[in-house]
Structures are given as structure tokens and as C-alpha cells.
Amino acid sequence: MRSLKFRALVTLDPDTERTSSAVRRLVVRAHRHRPEGVRAFNAVVITDDQEPLRAGDTHHVVTMTITEEEALDLLRPGDRFELWSDHRLGHGVVSRRVFV
């Protein structure tokens, strides 16, 4: 199993709780042009500035690490996704894939 890394800009909803760490396990929900085709991926999300994510953050740069190959089909540059952890936390857009 290989790790896939993606850079993204995320915006958190205003009522989202503050995280206590710059690293957080979240669920990334993505779909390609079909709402019934929503796919959820477990991800490790790391902020680039080492600051925790805060409610209302806009365009926060993060790196997402996902181990599921199917993510390659649903998380391409420009693709949108949602961040979840028991409920919706925010949304984002993939800026690029990181090759390791």
C-alpha cells in the first residue's frame, strides 16, 4: 500500500471546532460529477504553516495523505472535496498531487 499525497486549499465552516494540532485525521469526501458517486477516504491532513485549523479559516494550505488508490481518480487538480469528522467541517480544492 503506497501513500498518495495531495496539496489543497481548504476552508473551514464558521461553526467548526478548533483543532489542537497541525496534524489531524479526517475523512475526505469526493465525487466526480455525480452526487450518488460520493466516495469517502481516510486522510491525514497536515497544515503547511504548522498551525491548527480554526473555524472560518479560508484558503489554508494543507497536505493530505491517503492510502487508497481510488483517490487518484477523484482527487485531481481542480477537484473539490469536503472535510468530515462526525459532521462536515469544511471544503477544499486540490491544487496538485505530490510525488514522493
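Predicted model: local features only at pLDDT ≥ 70, side-chain atom pairs only at ≥ 80, totals over all residues.
Residues are numbered from 1 along each chain as its sequence is written, and side-chain values use heavy atoms, with hydrogens and water left out.

Me: Why is His 60 called buried?
Reply: Its relative accessible area is 10%.

Me: What makes His 60 and Asp 57 a polar contact?
Reply: Their side chains are joined at 3.0 Å. The term covers a pair of N or O atoms within 3.5 Å; within protein, one must be able to donate a hydrogen and the other to accept it, and residues adjacent in sequence count only if both atoms are side-chain atoms.

Me: Which residues does Met 64 touch?
Reply: Leaving aside residues up to four places away in sequence, Met 64 touches several, including Phe 6, Val 28 and Phe 81. Contact here means heavy atoms within 4.5 Å.

Me: Why do β1 and β6 count as paired?
Reply: Two strands pair if DSSP finds at least two bridges between them, and β1 and β6 have eight, in the antiparallel sense. Strands themselves are DSSP runs (E, at least two residues), numbered from the N terminus.

Me: Where does that pairing sit in the barrel?
Reply: The closed barrel of six strands runs β1-β4-β3-β2-β5-β6, with antiparallel pairing.

Note on methods
Buried < 20%, exposed > 50% of the residue type's maximum accessible area, 1.4 Å probe, protein only. Helix = DSSP H or I, 4+ residues; strand = E, 2+ residues; numbered from the N terminus.
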